[in-house]
Amino acid sequence: MSGYTPIDAETSNRRLAAAALLAVSAGACLGVALSHSTMTSTLYAAPTAVRTQPTTAQIRMQPAPVHARHFAADMTPEQQTVAAAQAVPFTMETAVAQPSSGSKLWTLLALPLIGAVAGFFYNMGRSEKKVAEAVPLQAMDPLGVSSSDYYTRLTMAAATAEYTNVKSNEIFEEAKTIMPGGVSSPVRAFKSVGGNPVVFDRVKGAYAWDVDGNQYIDYVGTWGPAICGHAHDEVLDSVRETMVKGTSFGAPCELENVLAKKVIEAVPSVEMVRFTNSGTEACMGMLRMVRAYTKKEKVIKFEGCYHGHADGFLVQAGSGVATLGLPDSPGVPAGSTAGTLVAQYNDLDSVEQLLKNKDVAAVILEPVVGNSGFIPPTKEFLEGLRELTTKYEALLVFDEVMTGFRIAYGGAQEYFGVTPDVTTMGKVIGGGLPVGAYGGRKDIMEVVAPAGPMYQAGTLSGNPLAMAAGIKTMEILQREGSYEHLDKITKKLINGILEAGRDAGHEVCGGSISGMFGFFFCKGPVNRYADATASDTEKFAKWHRMMLERGVYLAPSQYEAGFTSLAHTDADIDRTIAIAREVMKEL
């Protein structure tokens with residue numbers, strides 16, 4: 001965790017007062033020292049041209065040889081000549097008379113006042129910079145600590161400032177009186193890890209700052225969209241350029257065409273695409289579309305997979321539902337979930353049993369689970385689903401809201417080489433702005449209005465700001481080395497955390513794919529949601545709080561995946577691992 005940056009008037013005033021007092025004190029000390037440092041020198045013989053009356057010399061010199069410091073009265077003329085030759089040169093001021101007591105008092109008063117004024121202007125110059133630049137954490141020892149243990153040095157560097165959350169607590173307590181639970185999305189409330197959430201003030205690159213001034217290395221990345229790093233300069237520039245033309249048109253926009261073509265070019269299954277405002281909305285539209293296309297009502301989802309908060313999906317849904325310990329959500333009519341069947345992830349037999357009657361419209365899944373923690377599929381499982389859905393005349397749908405453009409540019413379907421019929425997307429394709437999309441084969445997509453009879457609409461769908469941010473984000477991701485960087489740093493991070501846990505005697509398991517990772521406090525392996533529930537969630541809660549207080553921001557639930565970005569550096573990863581080692585030992 002780094003030091004703090006003044007961001008408000010109160011803090012700035014306190015710093016100003018402290019600087020002034022320090023300057024006054026320093027000046028006073030200097031004044032006293034100077035006023036008592038004068039002495040009459042008889043060792044210096046001024047050249048004839050500048051010789052005056054007996055002088056007062058103000059001396060600043062290095063120690064001379066001992067014999068050169070004897071008083072002249074104790075030396076012979078020959079000794080005085082030798083001493084003068086060996087003396088170290090010094091600075092001397094001459095005066096006609098000795099300073100009076102009044103001039104000494106003036107020295108005592110003037111110098112601290114000058115120091116105070118200088119301190120005032122120095123602090124004013126510093127306070128103009130209200131927001132700190134996001135300086136990447138360096139793989140070095142900022143404290144100058146001498147230690148043979150590299151991780152020890154990094155951990156000590158992380159403990160240079162005291163953690164406080166006074167302002168966050170105040171804001172959250174007020175929020176609870178005006179918003180349900182004090183948040184706009186349940187998992188943000190920290191219910192499963194205890195304590196109050198921190199309230200963010202700003203983000204940049206791989207870092208986040210809260211309202212108390214604490215800096216964090218962020219591995220949530222606004223739940224996935226910040227794959228290029230928070231507030232990426234090029235993305236912001238693109239949004240600014242677009243904003244001056246308007247924030248929303250409610251009419252066709254050329255930028256929709258640009259982003260649509262980039263999505264179609266990148267994602268193997270997509271021939272046409274419809275933009276929405278969120279992943280939930282994309283999944284709602286997808287669900288209605290697959291039923292309309294197949295003329296069947298039943299769909300299969302998997303235990304622990306989350307596809308948004310639409311009624312039909314809130315059955316054993318993982319994510320926030322799992323975090324809060326709710327089997328379903330009150331308020332969902334029985335009829336809404338009657339057509340939703342639930343299978344076990346990574347278990348083809350459980351799927352085939354539900355498909356045999358050929359009355360299923362689609363099999364829908366997260367190709368890599370991120371809403372029960374990080375749970376990867378076996379390639380055989382995905383390939384088997386492709387074969388089974390074809391055999392039993394159902395559509396295969398990949399919900400790539402989380403994995404899309406993250407584990408590969410073409411998503412999980414590119415990474416695993418398995419092409420579904422329909423894909424839902426979100427997060428990354430909006431570059432941090434609200435967005436969602438669903439797409440697939442042209443013959444399926446053409447049932448969507450106005451091309452077909454299946455109705456779906458949205459006032460802000462395809463708004464120019466989200467389109468501009470998404471276009472620039474995808475351009476950045478296409479640059480050479482992007483996914484290699486994500487894969488390298490994420491593997492290093494999760495391997496370091498797992499090693500730290502095992503070295504400290506904890507049972508841990510986990511893994512990563514490109515810029516997505518997760519781990520569990522259990523022996524493992526974790527292949528499905530039921531396995532994930534064996535994790536020690538109390539230990540995770542302690543781990544999360546201790547990491548938070550040391551400057552590492554992780555998803556506040558055992559049942560959520562974590563994310564890295566192009567902005568994360570090796571130094572960020574090293575520091576995180578160092579802190580993880582310390583925390584694992586203290587758990």
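Tutor: The account below begins with the model as a whole, turns to the open sheet, and then visits other parts.

This is a predicted model, in which local features need pLDDT of at least 70 and side-chain atom pairs count only at pLDDT 80 or more, while totals for chains, interfaces and linings use all residues. Residues are numbered from 1 along each chain as its sequence is written, and side-chain values use heavy atoms, with hydrogens and water left out.

Of its 587 residues, 49% are buried, where buried means under 20% relative accessible area, exposed over 50%, and partly exposed in between, with a 1.4 Å probe and protein chains only. Among contacts between residues at least 6 apart in sequence, 74% join residues at least 24 apart, a contact being heavy atoms within 4.5 Å.

The sheet itself is open and has four strands, in the order β3-β4-β5-β15, with mixed pairing. Two strands pair if DSSP finds at least two bridges between them. At the edges stand β3 (200-204) and β15 (552-553), each of which pairs on one side only. Helix α19 (residues 570-586) packs on this sheet, touching β4, β5 (215-218) and β15. The direction of α19 makes about 105° with that of β5; axes are lines fitted to C-alpha atoms, for helices over the stretch in contact, and angles run from 0 to 180 degrees between N-to-C directions.

Strand β7 (residues 298-302) pairs in the parallel sense with β9 (residues 360-365) over three bridges, and with β8 (residues 340-343) over four. Ile-300 has Val-363 in β9 as its bridge partner, whereas Phe-302 stands opposite Ala-343 in β8. Four of the five residues of β7 are buried.

Strand β11 (residues 422-426) has five of its five residues buried, so it is largely enclosed by the rest of the structure. In a regular strand the side chains alternate between the two faces of the sheet. Both faces of β11 are covered, with Val-422, Thr-424 and Gly-426 buried on one side and Thr-423 and Met-425 buried on the other. Three bridges link β11 to β10 (residues 395-399), and these strands run parallel; Phe-398 stands opposite Thr-423.

The structure also holds three cavities of 30 Å³ or more. On a 1 Å grid over the protein atoms alone, a cavity is a set of points where a 1.4 Å probe fits but cannot get out, and lining residues have an atom within 4 Å of a point. Grid points are joined across faces, edges and corners, and a volume is the space filled by probe spheres set on the points. The largest cavity contains about 140 Å³ of space. Its lining comprises 15 residues, with Phe-517, Gly-518, Phe-519, Phe-540 and Glu-560 nearest the centre. Strand β14 (516-520) and helix α18 (537-549) each supply at least two lining residues, and the largest share, four residues, comes from β14.

Methods. 1 Å grid on protein atoms, 1.4 Å probe; cavity = no way out; pocket = protein on both sides within 12 Å on 5 of 7 lines; lining within 4 Å.
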